[in-house]
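Hi,

Here is the structure I said I would pass on. Have a look at it first, and my notes on what turned up follow below.

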Amino acid sequence: MIDVLTLGEALVSFRTAGPLVGTWGAEAHVAGAESNVAIGLARLGHRSAWVGCVSDDDLGTWVTGTLAAEGVDTRFVRRVPDASAGAMVLVDPRDHARRVTYLRRGSAGSRLTPSDALGALDEGVRWVHLTGITPALSESARDAWVALAREAKARSVRVCLDVNFRPALWSRAEAARALAPVRGLVDLLVASEDEVDLVDAPDVPLVVVKQGSEGATLVGSQGRVDVPAEPVPVIDVIGAGDALCAGLLSGLLDDLDPLAALRRGTWVAGRCVASAGDWEGLPSRAELPPT
Ligand code: KDG
């Protein structure tokens, strides 16, 4: 049984410690919104699996090995012989302005197909976690993403969608069009205030609106409830949304009520923000505060 199955592209993320022009070097990390969530969940003791395609070289081995070392199930990863690893360059993440350059067009990660996506469902899955990044990668990745959402729904597997609109990948109109096929398939929608209108989903049972440094808002049958962000020193905000999703899903898997689950989400997001890296500072289960 898999608690949470995610699908997406893991990237090699080059992070500079200062402006790119000059003598600054860069550190390479493994990143990717969906694999960040998978790592967050594994650290919290859940069985998470990541489906994706990686390059058939040292970088692909490194990405897969990093996820496996963090306890993520990588059995459904496919190596692609004729494509390079996707990468991103983040210039000085500590200045809190997200300046990202993607090197991912035609990447191994964009070669996802529906057959990559569906096999893992046979293992038994409790939640599928998707983001709005995957359908921006390629037509076949979009097909895989829609196929997984549809098949999950057909098997009564709950679906979480974090919209994660990435303007460097496509326009708002393109994103809204691509997200339309999963309307009606989503049980939990996570979006920032300016992303909510990209998914016209009045029937989603549970919506979490990310409010950045303010925290997050739960929108459910009982109305709206604000959950404040943890008062932590802000080191690096990248990955905070993924951390929030990991904590939120962890809480729901533990049968917490949605508000308590979101509190776990904002707490985990606080841990992410208070340390450098997309996921490196995420907590283990033993560190969770009592609920
Ligand atoms: O949430 C952090 C992600 O945005 C980052 O790891 C890279 O997945 C990524 C993307 O496509 O921007």
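A word on terms before anything else: a strand here is a DSSP run of E with at least two residues, numbered from the N terminus. By that rule, serine 55 sits in strand β5, which covers residues 53-55. Please keep in mind that this is a predicted model.

Since serine 55 has come up, let me stay with it. Its relative accessibility is 1%, so it counts as buried. Its side chain makes a polar contact of 2.6 Å with the side chain of aspartate 57. A polar atom of the serine 55 side chain also lies 3.3 Å from the backbone nitrogen of glycine 60. Setting aside neighbours within four places in sequence, the residues in contact with serine 55 are Gly60, Arg79, Val80, Ala83, Ser84, Ala85 and Ala108.

Now the sheet. In what order do the eight strands of the open sheet run? They go β4-β1-β9-β10-β11-β12-β13-β14, with mixed pairing. β4 and β14 (223-228) are the edge strands, each pairing on one side only. From one strand to the next, the twist averages 20°. Helix α1 packs on this sheet and touches β1, β4 and β9, and its direction makes about 160° with that of β4.

Leucine 189 has valine 207 in β12 as its bridge partner.

You will find it in the loop between α1 (33-43) and β4. Is it buried or exposed? At 8% relative accessibility, histidine 46 counts as buried. Its side chain has a polar contact of 2.8 Å with that of serine 250. Beyond its neighbours within four places in sequence, histidine 46 is in contact with Asp3, Leu41, Ser250, Leu253, Asp254 and Arg285. As for alanine 191, it is 145 residues from histidine 46 in sequence and 23 Å away in space, C-alpha to C-alpha.

Serine 250 turns up again in a helix pair. Helices α6 (residues 240-253) and α7 (residues 258-273) pack at an angle of about 145°, their axes 7 Å apart, and the crossing is right-handed. On the α6 side, the residues that meet α7 include Ala243, Gly247, Ser250 and Gly251. Among their counterparts in α7 are Ala261, Leu262, Gly265, Val268 and Ala269.

Cheers

Key: Residues numbered from 1 in each chain as written. Predicted model: local features only at pLDDT ≥ 70, side-chain atom pairs only at ≥ 80, totals over all residues. Heavy atoms only, no water. Helix = DSSP H or I, 4+ residues; strand = E, 2+ residues; numbered from the N terminus. Buried < 20%, exposed > 50% of the residue type's maximum accessible area, 1.4 Å probe, protein only. Contact = heavy atoms within 4.5 Å. Polar contact = N/O pair within 3.5 Å; in protein donor to acceptor, adjacent residues only side chain to side chain. Pairing = 2+ DSSP bridges. Axes fitted to C-alpha atoms, helices over the stretch in contact; angles between N-to-C directions. Left-handed = near helix turned anticlockwise from the far one by under 90°.
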